[in-house]
Amino acid sequence: MRFLLLLACLCPPAFALSLAEAEKIAPVPDLARHGGAVFADLNEDGHVDLVVSNKEGYAVYLFNPTEKKNVQWDRGWSNVLREGRPGDANSLPDLTGASFKDGVLITADGRTRLRRGDLLRVPGPAPLPPAEALKSMKVKPGWKIELIAHEPLVQDPVFIDWDEQGRAWVVEMGDYPFAPGEKTNDGKVGQDKVSDLQTGRVKILTDTDGDGRYDKASLFLDGLRHPTGLACWKGGVFISAIPDIFYAKDSDGDGRCDERESWFSGFTAGNPQHLVNGFCWGLDGWLYGANGDSGGDVVVVKTGEKIKLGTNDFRFHPVTGKFELEAGRSQYGKWRDDFGNWFGNNNSTIGWHYFLPMRWLEKHPDRVTAKLREVTNDDKTVHTLSPPVRRFNWASATNTLTSGCSPMPWFDGVHHTLLICEPANNLVHREVLDHSKLPISSHRHPDDAADEFLASTDNWSRPSMARPGPDGAIYVVDMYRLVLEHPEWIPADIAKGVDLRGGEDKGRIYRLSGPGTTASEVALLKDPVRALRSGHRWTRDTAQRLLLERQDKAAVPALMKNVNDAELPLATRLQSAWTAALLEDSRRNELWSLLKSGHPQTRGAALVAAGSDDIHPDELASWFPKAGSARPVAQAPAITNSNADRQKVVKRYVAEVAQLKGDARRGEQVFAKACIACHKLGSQGVEVGPDLATIASKPADQILEAIFDPNRAVELRNASTQVTRSDGSIMLGLLSSETPSSINLRLPGGIDVPVPRSQVKSLKTLSTSLMPDGFESLLTAQDAADLLTRITGR
């Protein structure tokens, strides 16, 4: 193999590698077997690449010598720069008999010459003008979508909120994916300053003529590094932009920031998809933020206090500046519903309900629990409308949630729902929350059985936030970019041929109106107590904020009239009760009483935030299941022996399985025998390791390698954690969560085991998988063939 690769470097660029010789290096794409294949070192890295064009199709493949299973970068000709059918927009001429010489690909007739640079360029679909992009949006019956802002007014928007004047504050991440000077962790891809738009910004949008569309933009602040969110407070805004959370204000009315004060610093820099972000207004008058997965050693600037963020989310008080940890961790967006229940998610999770509050655990250090959150719905299916475009990572993922963000609770007039943005699939998904369950669960909205709440046929559409505004309409923030994946997860050779900043000068904001949408309620804020009777959360949140900013204690009697008005919905009565109690502590008992009467909509999270420990008995029992009630779905299989040469085992099984016909029914039995204790497949099993449905499209040899050589490539989230206890005993599992009083491990069989911190002597993350070597002692080649058929359907 090394000889062939070396030969490719030493021989002339038109090196004629036969398919048989290529197969000795790595599996050759099927398309090449139909002719028109040319092997050449396109990117001059010493490895033979492949260009194919025939009557079946065309493709340009770069050779990848390094495998990364977690993003499906398989070793071989797996880095696809372009592919398609003959005659389409990016097709290549037939390459039968073609040659490659001096950096130029020449067809057999000599009429077409394609230079190396052209072949290395990654083509993509063209962007749509704003009006055409609007037409690409498909909405539900009874809903209307309007384009209310677009470039050049907004560019790269990722977040929106409104002040009490009704002005829209928009965060623009113009420095995605790289701020000037940033690089990927391996240093192979990066950018210096390449554009004047390559910076983070905050803009204020105004509708000056009252037609419902923004027509004026003021650049409030620029020069920010990867800003992710903001929240209004006392005429200014708190902004998250690494490494800080700071307060900024326009004190002279010119629309520009002229006051800036850092409040918290030390949030970790890194991939801008995984940075500190926020903020959500809490019913308790605190602002809540999400970790983003990067953590940090946070310094409270006013006091010098240092707090390690770790795997937690956080909240801070806009008056006192106090900073506290919250159960985490959410990737982008942590939001609450009308009753004080908190939700988050990550790219591959529909939603988490954070059901056990950190404050309660801090007050009860003797109680340990294995979980602080629960997935609301395991179903990750999404219905994509846009044409399939190969992703640079997770290339086989289709109709699957891969970039979930901004999980926004919203009452649509009938259902309490959760809106989830899915920018990779160009859509907004809608779930219905079930408050009768402990913890809260969710399911696909009944009106969305075969489609989505909002979806676009435009591959450039990248919704990053969908939230209700001052009129109750849903405002959808569309970053509008060609490339969504961060170059950290794009092979370096492909990244060099991609326009990483394609769309930097574009951005769209849509208004989605339907049942329950009204005129803007900004005028109601002249009387905040009356505004708290509104059915729109933005109106109530802003009214509550204004009363707390002013510390308007004179409003308490009128607020209590709202609280005692049984004709009002629970959500409006609750927010009035919260506001009254925050202004006048003697009203806290009325708040507690209303919170308890609101069960199951109101939960322990709201009660604890209000200072009560009087948790509903059913809910408290769900936090701490009785000892012994948790049982493994199945016992992990016993491995009797293991061959130290794992690749020899893999090669044997790959060769033998290739000669066998699998049977899915027998494969079900093999799954129950060998896999069910740590994996899910359909409705069976438990998710300790990856759900096997997510690997169904992978090549058979890769799945076999994962079974018989599980330690060859281990994702960090699947790496084992070794806990050494104070008595000298050792536990091995996956670190599932951390609390103030415990470390929580998930073991084979799906058992979550809390280990009190007082009993932890040391904790170490290993480089090995929890899955053991030696499955050859359990599975015959026929077993493996049957299991593959059950998993893949092939």
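This is a predicted model: local features need pLDDT of at least 70, side-chain atom pairs count only at pLDDT 80 or more; totals for chains, interfaces and linings use all residues.
Helices and strands here are DSSP runs, a helix being H or I with at least four residues and a strand being E with at least two, and both are numbered from the N terminus. Strand S33, for instance, covers residues 441-444, and arginine 444 sits in it. Residues are numbered from 1 along each chain as its sequence is written, and side-chain values use heavy atoms, with hydrogens and water left out.

Let's start with the whole chain. You'll find 17 helices and 44 strands in it. Its radius of gyration (taken over C-alpha atoms) is 28 Å, close to the 28 Å that the globule rule (2.2 Å times the number of residues to the power 0.38) gives for 794 residues, so the chain is as compact as a globular protein of that length. Along the principal axes, the C-alpha atoms fill a box of roughly 85 × 65 × 50 Å. Of the 794 residues, 56% count as buried, where buried means under 20% relative accessible area, exposed means over 50%, and partly exposed is in between (1.4 Å probe, protein chains only). Now take contacts, meaning heavy atoms within 4.5 Å. Among the contacts with a separation of 6 or more, 60% come from residues 24 or more positions apart.

Back to arginine 444. Is this residue buried or exposed? With a relative accessible area of 15%, arginine 444 is buried. Its side chain makes a polar contact with the side chain of glutamate 452, at 3.2 Å. A polar contact is a pair of N or O atoms within 3.5 Å; within protein, one must be able to donate a hydrogen and the other to accept it, and residues adjacent in sequence count only if both atoms are side-chain atoms. A polar atom of the arginine 444 side chain also lies 2.8 Å from the backbone oxygen of threonine 381. If you leave out residues up to four places away in sequence, arginine 444 touches several others, including Asn377, His383, His429, Glu431 and Asp451.

Histidine 486 belongs to a loop, the one between strand S36 (474-478) and helix H6 (492-495). At 3% relative accessibility, this histidine counts as buried. What does it touch, leaving aside its neighbours within four places in sequence? Histidine 486 is in contact with Tyr176, Pro177, Phe178, Asn271, Pro272 and Gln273.

Next, have a look at a pair of helices. H8 (residues 537-550) and H10 (residues 570-583) pack at an angle of about 10°, and their axes are 10 Å apart. Axes are lines fitted to C-alpha atoms, for helices over the stretch in contact, and angles run from 0 to 180 degrees between N-to-C directions. That makes H8 roughly parallel to H10 (under 35 degrees is roughly parallel, over 145 roughly antiparallel, 65 to 115 roughly perpendicular, and the rest oblique). On the H8 side, Arg540, Asp541, Gln544, Leu547 and Leu548 take part, and they meet H10 residues that include Ala571, Gln575, Trp578 and Leu582.

H10 also holds arginine 573. Where does its side chain find a backbone oxygen? One of its polar atoms lies 2.8 Å from the backbone oxygen of valine 563. Beyond four places in sequence, arginine 573 touches Asn562, Val563, Asp565, Ala566, Leu568 and Leu594. Methionine 560 is 13 residues from arginine 573 in sequence, and their C-alpha atoms are 8.7 Å apart.

Finally, some backbone details. The peptide bond from glutamate 151 to proline 152 is cis, with omega near 5°, and proline 152 is in the loop between strands S9 (144-150) and S10 (157-162). Another cis bond runs from histidine 599 to proline 600, with omega near 10°. Proline 600 is in the loop between helices H11 (588-597) and H12 (604-609).

Histidine 226 is not a glycine, yet it has a positive phi of about 45°. You can find histidine 226 in the loop between strands S15 (216-224) and S16 (227-233), where it is buried at a relative accessible area of 1%. Serine 406 isn't a glycine either, and its phi is positive at about 50°. Serine 406 lies in strand S30 (residues 405-411) and is buried, with a relative accessible area of 1%.
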